[in-house]
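Work through the following exercises with the sequence and the 3D structure at hand. Each task is followed by a solution in steps.

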Amino acid sequence: CEDIWYPEGPTQAQALAGADVVININGSPYHKSKRLARERMVATRAADNAVALCYVNLVGGQDELVFDGNSVVFDARGEVLARAPSFEESLLLVDLNLESTYLARLHLPLRRIEELETYQRPVERIFVSSVRPELVEGQGAPPPVRPPLPPHNATALEDEAEVYQALVTGTRDYVHKNSFETVIVGVSGGVDSSLVATIAVDALGPEHVVGVSNPSRYSSEGSIADARTLAENLGIRLMIIPIEPAHQAYLDMLAEAFKDTQPGTAEENIQSRIRGNVWMALSNKLGWQPVLTCGNKSEMATGYATLYGDMAGGFAVIKDVPKTLVYALARHRNAAAGRDLIPRAVIDKPPSAELRPGQLDTDTLPPYEVLDPILTAYVEDDRGIEEIVAMGFDEALVRRIVGMVDRNEYKRRQSPPGVKITPRAFGRDRRLPITNKYRN
């Protein structure tokens with residue numbers, strides 16, 4: 001697997017010993033745009049060593065990781081001979097012209113020729129009769145010449161299509177390989193839950209996805225209508241369970257304890273936690289496992305999520321997907337469907353948690369078009385505050401966002417696993433000590 005990423009290693013040793021074909025078996029996990037870097041590297045190894053190189057990769061999901069396949073065969077010049085599809089098991093058949101490999105070897109640098117001449121380790125050479133019949137003794141007449149195989153070069157997926165299929169594959173395998181069947185998605189009428197529900201339907205089928213809408217006193221009629229339209233478009237069952245009775249009961253129960261305070265975040269989060277309780281109760285009672293949570297990477301990074309509320313569940317489908325990419329994926333899926341599978345109103349309206357009158361995400365966070373590049377620079381690219389400010393961002397804003405990321409590590413430690421689609425995902429790839437200060 002990883003030994004192919006380095007110039008010196010088994011590939012070079014086998015080529016210098018006379019190998020014509022190298023098969024490299026991989027479990028290379030996916031992240032966005034990794035295929036391009038991977039293929040450039042494998043092409044370089046094939047050309048440098050003048051061998052046909054078959055890069056064979058795993059397909060499927062395992063917890064946070066998803067393996068994209070994209071197996072590929074290069075000739076001795078580093079040119080693609082055949083490519084298998086993305087996120088799909090397949091049998092790839094390809095003709096190899098080993099005479100061209102021999103010709104490529106004639107142009108090896110002098111250093112390689114010298115190394116080949118001085119390579120002393122005994123090697124067992126294996127020839128394939130259908131390719132080199134004249135070198136196999138005692139097996140009768142050579143086999144008949146077969147007609148050439150048609151070229152097979154699967155079309156590589158575009159960025160949004162690739163990420164979307166990774167999320168579908170990761171969700172499907174997490175559910176099926178853990179012997180689950182039907183999942184719950186809390187559909188609020190927002191873009192995050194709409195995308196998660198759509199991914200779940202593509203992964204499992206509509207009959208295995210249940211949407212649950214929990215309107216509160218602050219839920220807009222538009223959001224409730226959007227949740228209904230989404231469920232109809234996807235063909236999933238929708239349960240509408242208002243939370244107002246429980247919400248009022250909580251406020252009454254806490255009235256004495258809260259009497260000397262102003263309403264604020266605590267009262268808002270009560271609503272989210274009631275919803276989480278409802279989802280888990282349905283899961284326990286009716287055997288629908290797991291609850292799919294709908295928080296995106298922008299929210300997970302900044303702590304714009306409620307512990308034991310919207311974070312309650314078994315699998316966090318889009319926890320590594322920035323909010324701006326959530327919108328791009330929603331538009332991509334609608335374009336692929338040829339219609340507004342996710343209602344247009346869901347994509348167009350300003351994002352809101354709807355936990356108080358007139359609430360918008362921008363009350364707490366900068367616009368996602370500003371926030372996401374700062375998060376990418378800090379979380380994925382390891383840039384410091386000064387470097388991010390030099391990119392053109394306001395220093396006070398950068399310091400505030402970096403502080404939010406660091407301060408909310410404790411929340412991310414308690415979130416469910418979810419599909420990794422960026423080079424650096426929270427949890428698996430990036431951890432910060434929660435206790436990280438000197439005591440004065």
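Is phenylalanine 315 buried or exposed? Phenylalanine 315 has 0% relative accessibility and so counts as buried. Buried means under 20% relative accessible area, exposed means over 50%, and partly exposed is in between, with a 1.4 Å probe and protein chains only.

The model is predicted: local features need pLDDT of at least 70, side-chain atom pairs count only at pLDDT 80 or more, and totals for chains, interfaces and linings use all residues. Residues are numbered from 1 along each chain as its sequence is written, and side-chain values use heavy atoms, with hydrogens and water left out.

**Exercise 1. Describe the protein chain as a whole.**

Step 1. Count the elements: the protein chain has 16 helices and 11 strands. Helices (H or I, at least four residues) and strands (E, at least two) are DSSP runs, numbered from the N terminus.

Step 2. Take the extent: the C-alpha trace spans about 95 × 55 × 35 Å along its principal axes.

Step 3. Take the burial: 48% of the 440 residues count as buried.

Step 4. Look at the contacts, that is, heavy atoms within 4.5 Å. Among contacts with a separation of 6 or more, 73% are between residues 24 or more positions apart.

**Exercise 2. Find the aromatic pairs and classify each.**

Step 1. Set the rule. Rings of Phe, Tyr and Trp (its six-membered ring) pair if their centres lie within 6.5 Å; planes under 30 degrees apart count as stacked, over 60 as edge-to-face and the rest as tilted. The count comes to two aromatic pairs.

Step 2. Classify the pair of tyrosine 30 and phenylalanine 87: the ring centres are 5.4 Å apart and the planes are at 70 degrees, so this pair is edge-to-face.

Step 3. Tyrosine 30 is in the loop between β1 (21-26) and α2 (34-49), and phenylalanine 87 is in the loop between β6 (80-83) and α3 (98-105), so the pair ties together parts 57 residues apart in sequence. Both tyrosine 30 and phenylalanine 87 are buried.

Step 4. Classify the pair of tyrosine 174 and phenylalanine 315: with 4.2 Å centre to centre and 20 degrees between the planes, this pair is stacked.

Step 5. Tyrosine 174 belongs to helix α5 (residues 159-177) and phenylalanine 315 to strand β11 (residues 315-316), so the pair ties together parts 141 residues apart in sequence. Tyrosine 174, at 14% relative accessibility, counts as buried.

**Exercise 3. Which charged side chains lie over the ring of phenylalanine 426?**

Step 1. Set the rule: NZ of Lys or CZ of Arg must be within 6 Å of the ring centre and within 35 degrees of the ring normal.

Step 2. Lysine 297 has its charged end over the ring of phenylalanine 426, 5.7 Å from the centre.

Step 3. Arginine 412 lies over the face of phenylalanine 426, at 4.3 Å from the ring centre.
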